[in-house]
Amino acid sequence: MKSSWILPKRYKGKICAFLLLCLMLYIFVYQLSRGQPIPSCFQLMPDDGQELLDDVQQATVQPSTDGRNIFFHETSCSTDGLVRLTARQACAIESAARANPDWNIFVLFAAPVGFESNSSISTSTGSTLPRIIESLLEYRNVHWRFVNLTTYAIGTPLEEWMQSGEIYRSHFMNSHLSDVMRYLTLFKYGGTYLDLDVIVKKPFGALEPNYAGAESVRWVAAGVMNFEPTGHGHELAEMCVRDLLANFNGKDWGNNGPGVITRVLKKYCDARTTVHMTRERCRHFTVYPPKAFYAINFDDFKHFFEESYLEPALAALNQSIVVHVWNKFSKSHPVIVGSRVAYGVLADQYCPKVYRSCGTVF
């Protein structure tokens, strides 16, 4: 007599398939619990012949403790391990370095990139570096670094969150990584964060520390932010980091950038709109009106690129400390070098070395 527990053959295949499915599901859940791995493009190591940039946490020249630091972040995936910047990104860096010669300018890459081996960090004859990179290397206050994504958040409120890999599941990973890095960097070091689609017109030394700029009545933008390394500035930087931890949303493009600083200041200043965010009400933090950093709204970004708008655009930007050109919308609009459009005229004045070395199109 056959044992009663022996299954008919027609069921064996189904049960094996079910057990296999359960095993695969277990492995999938287990992998998720261990955190999302860092995409390989952020771990790509340059060839042996390339000069690797220093890790920002291990470099000899560190951000100063007096807050006279300006940070740019390049969070695009690296495909070849080389330092890459567009002319417009390089323009932002040059304009900041020219306007603030006594400040440290840190260009932070989210990948271990480097320079080609046959290119000395100089403008010596025969260098194969792109000319716009060469022009930036002439500024002694510009420092090139990479951020080790596996260690940068250690010792901060974001340490476990970064290890979880949540940022790598974002629908806008590069943009949201930039959001995370700007708040994390200002929390760690203090100083000024700038987007890479700006032109700096005036020095920051005359500004009282701790500020950002309103984009509208509803929003404080995150493209220009300053937090001092201690005191009220560090307190606000920590509030931003903790808000990011509590409210991160990988499906909402603006939630983790302007959303963070706006939410924090609404609570900190007890104000519902940017108009009411005065320095007195915000306890030593200034929210500048749009004319300071965002004089031309994103709806009017074409004013930077059409000759008919040259004079009104320059008039609108007359009192600006920083000019923001809204790369998300304007990146596909070329500027012919020498043309009379506002972006080109400003670049010629405030980032002349980059503008005159970028070829025919800026």
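Visitor: Hi! In strand 10, which residue is the bridge partner of leucine 194?

Guide: Hello! Leucine 194 has valine 224 as its bridge partner in strand 10. Helices (H or I, at least four residues) and strands (E, at least two) are DSSP runs, numbered from the N terminus. This is a predicted model, where local features need pLDDT of at least 70 and side-chain atom pairs count only at pLDDT 80 or more, while totals for chains, interfaces and linings use all residues. Residues are numbered from 1 along each chain as its sequence is written, and side-chain values use heavy atoms, with hydrogens and water left out.

Visitor: Do strand 7 and strand 10 run parallel or antiparallel?

Guide: Antiparallel: 4 bridges join strand 7 to strand 10 (residues 220-227). Two strands pair if DSSP finds at least two bridges between them.

Visitor: And how many bridges join strand 3 to strand 7?

Guide: There are 2 bridges between strand 3 (residues 69-74) and strand 7 (residues 191-194), and these strands run parallel. Isoleucine 70 stands opposite threonine 192 in strand 7.

Visitor: New topic! How many disulfides does a search of the whole structure find?

Guide: The search finds 2 disulfides. To count, a pair of cysteine sulfur atoms must be within 2.5 Å. In general, a disulfide is a covalent bond between the sulfur atoms of two cysteines.

Visitor: Which cysteine forms a disulfide with cysteine 91?

Guide: Cysteine 351 does, with the sulfur atoms 2.1 Å apart. The link of cysteine 91 and cysteine 351 is left-handed, with -85 degrees about the S-S bond. Cysteine 91 lies in helix 2 (residues 87-99) and cysteine 351 in the loop between helix 11 (342-350) and helix 12 (352-355), so the pair ties together parts that are 260 residues apart in sequence.

Visitor: Is cysteine 91 buried or exposed?

Guide: Buried, with a relative accessible area of 0%. Cysteine 351 is buried too, at 0% relative accessibility. Buried means under 20% relative accessible area, exposed over 50%, and partly exposed in between (1.4 Å probe, protein chains only).

Visitor: What about cysteine 269: which cysteine does a disulfide join it to?

Guide: Cysteine 269 is joined to cysteine 282, at an S to S distance of 2.0 Å. The torsion about their S-S bond is about 115 degrees, so this disulfide is right-handed. Cysteine 269 is in helix 7 (residues 258-269) and cysteine 282 in the loop between helix 7 and strand 11 (286-288), 13 residues apart. Both cysteine 269 and cysteine 282 are buried.
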